[in-house]
Amino acid sequence: MKVLVTGGLGYIGSHTVVELLENGDEVIIIDNLVNSKLEVLEKIKKITGKNATFYQYDLCDYSKVSEVFEKERPDAVIHFAGLKAVGESVSKPLTYYENNLLSTINLLKCMAKYNVKKIVFSSSATVYGKPKTLPIREDASLHTTNPYGTTKLMIENILTDLYNSDSSFDITILRYFNPIGSHKSGLLGENPNGIPNNLMPYVVRVARGELPVLNIFGDDYPTIDGTGVRDYIHVLDLAHGHILALNNKIHGLKIYNLGTGKGTSVLELVKMFEKVNNVKVNYQIVKRRDGDIAECYASSDKAKNELGFTCKYTLEDMCLDSYNYHDAN
Ligand code: NAD
Ligand code: UFG
């Protein structure tokens with residue numbers, strides 16, 4: 001299959017591109033490098049021995065997107081591109097709405113024009129807001145608390161309206177839980193600029209002595225040890241979920257959670273990281289972070305039953321691989 005991957009040089013996109021190339025698929029990438037680096041393309045080649053065709057274009061430029069469709073005529077699209085920092089989306093809402101919505105609308109317009117009907121879209125567990133019941137099922141109520149999350153929910157609604165207008169579209173919405181870990185080669189992973197917002201990149205920097213101490217945001221939640229509980233999933237398992245979604249025989253509009261179904265607290269993760277990497281992570285308990293929820297983990301039954309999705313990697317693997325990538329870089 002010839003697959004157009006938007007945001008294919010980013011964290012999750014690059015791991016998915018590797019798996020597509022390894023499966024013999026042809027890959028076209030559009031990425032404007034707003035949150036990634038060109039060297040990722042070389043690393044993908046180093047891992048797979050294969051080339052992906054790359055366009056350094058902004059998806060917000062309709063003429064550029066159309067040019068790629070005209071030239072490449074892809075069979076399917078995986079749409080990762082987007083801005084994703086929750087805090088930044090609160091301070092720059094228009095940037096988030098413009099980038100995430102305009103890029104998606106341009107992409108969908110080109111898909112309609114060039115008769116490309118299959119798309120897999122990166123949504124997020126953030127669309128569930130504060131969950132009323134756990135584990136979270138796909139039919140849970142939806143509610144967002146920041147502009148980033150709202151762009152994801154709006155795109156889900158756009159995709160639903162598009163499908164309702166033309167049922168020949170084959171649309172999969174994947175709601176990711178918390179991806180961590182990196183490629184086994186140590187060549188691909190997540191290395192955010194500046195001070196990380198997310199837990200794992202922060203833990204890695206403290207373990208390496210680049211940051212003095214991990215602030216744990218609250219130990220008074222109603223959880224196993226008072227710290228926040230999340231469903232961490234290895235990025236390689238997540239990448240594999242996209243391959244399953246592309247090859248799913250069920251046609252239509254489908255929504256799946258991609259998580260392990262298992263909750264892990266901040267302290268559990270820190271302890272596991274220390275143990276498997278034989279390092280010390282200095283931490284202190286500070287007050288809760290605004291907007292955080294106590295617990296969030298997936299019901300992964302639907303993805304398992306309909307896609308055959310299961311997770312191969314454990315929390316140990318996730319901690320080892322996250323550190324290995326940063327060691328190698
Ligand atoms: P990432 O920032 O590493 O990758 C996104 C890529 O999209 C980057 O390479 C960036 O340069 C590119 N991009 C952004 N806007 C673009 C535009 N207008 N035109 C072309 N390229 C553009 O992020 P990621 O962690 O790989 O996430 C991929 C997707 O999954 C995003 O849509 C994100 O919102 C979603 N998601 C991520 C997480 C997570 O924790 N990482 C969780 C849930 C959902
Ligand atoms: N945490 C800390 N200290 C830190 C960073 C995080 O204690 O320095 C805690 C948080 O309070 C939370 C847990 O670690 O309990 C995980 O926090 P992350 O910031 O890593 O992840 P979130 O669950 O808050 O959010 C992430 C993405 C969102 C996405 C969501 C659901 O950042 O974009 O997962 O997929 F929507």
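Where is the place of Asn 115? Asn 115 sits in the loop between α5 (93-113) and β5.

Before we go on, a word about the model. It is a predicted one, in which local features need pLDDT of at least 70 and side-chain atom pairs count only at pLDDT 80 or more, while totals for chains, interfaces and linings use all residues. Residues are numbered from 1 along each chain as its sequence is written, chains are lettered from A and ligands numbered from 1 in the order in which they are written, and side-chain values use heavy atoms, with hydrogens and water left out.

Most residues other than glycine have a negative phi, and most peptide bonds are trans. Asn 115 has a positive phi, near 60°. Asn 115 counts as exposed because its relative accessibility is 57%. In these terms, buried means under 20% relative accessible area, exposed means over 50%, and partly exposed lies in between (1.4 Å probe, protein chains only).

Arg 73 is not a glycine either, and its phi is positive at about 45°. You will find Arg 73 in the loop between α3 (62-72) and β4 (76-79). With 44% relative accessibility, Arg 73 counts as partly exposed.

Now look at the peptide bond from Leu 134 to Pro 135: it is cis, with omega near -10°. Pro 135 belongs to the loop between β5 and α6.

## Around ligand 1

Ligand 1 is surrounded by 27 residues, and the closest include Asp 31 and Tyr 148. A residue counts as near a molecule if one of its heavy atoms lies within 4 Å of it. In this shell, 13 residues are nonpolar, 10 are polar and four are charged. The nonpolar class holds Ala, Val, Leu, Ile, Met, Phe, Trp, Tyr, Cys and Pro, the charged class holds Asp, Glu, Lys and Arg, and the others, Gly among them, are polar.

Which elements each supply at least two residues of this shell? They are α1 (11-22), β5 (118-124) and α6 (147-165). The largest share, three residues, comes from β5.

Several polar contacts (pairs of N or O atoms within 3.5 Å) link the ligands to the protein.

| Residue | Atom of ligand 1 | Distance |
|---|---|---|
| Asp 58 | nitrogen | 2.9 Å |
| Lys 84 | oxygen | 2.7 Å |
| Asn 99 | nitrogen | 2.8 Å |

Taken alone, ligand 1 exposes 820 Å², and the protein buries 95% of that. Such areas come from the Shrake-Rupley method with a 1.4 Å probe.

## Around ligand 2

Ligand 2 has 22 residues around it, with Ser 124, Asn 198, Asn 215, Arg 230 and Asp 292 the closest. By class, this shell has 12 nonpolar, seven polar and three charged residues. Both α7 (199-207) and β8 (214-217) supply at least two residues, and β8 gives the largest share, four residues.

An N or O atom in the side chain of Asn 198 lies 2.8 Å from an oxygen atom of ligand 2. The backbone takes part too: a polar backbone atom of Asn 215 is 2.7 Å from a nitrogen atom of ligand 2, and one of Phe 217 is 3.0 Å from an oxygen atom of ligand 2. On its own, ligand 2 exposes 690 Å², of which the protein buries 87%.

## A helix, a ring pair and a histidine

Helix α9 (residues 266-277) has 12 residues and reaches 16 Å from its first C-alpha to its last, close to the 16 Å expected at 1.5 Å a residue. That expected span is 1.5 Å times one less than the number of residues. Among the buried residues of α9 are Val 266, Val 270, Phe 273 and Asn 277. An α-helix has 3.6 residues a turn, so residues three or four places apart point the same way. Just after α9, Asn 278 takes a positive phi of about 55°.

The structure holds four aromatic pairs. In one of them, the rings of Tyr 55 and Tyr 57 have centres 5.5 Å apart and planes at 40°, so this pair is tilted. Rings of Phe, Tyr and Trp (its six-membered ring) pair if their centres lie within 6.5 Å; planes under 30 degrees apart are stacked, over 60 edge-to-face, and the rest tilted. Both Tyr 55 and Tyr 57 are buried.

Finally, His 326 lies in helix α11 (residues 315-328). His 326 counts as buried because its relative accessibility is 7%. The C-alpha atoms of His 326 and Pro 201 are separated by 9.0 Å, although the two residues are 125 residues apart along the chain.

Key:
A polar contact is a pair of N or O atoms within 3.5 Å; within protein, one must be able to donate a hydrogen and the other to accept it, and residues adjacent in sequence count only if both atoms are side-chain atoms.
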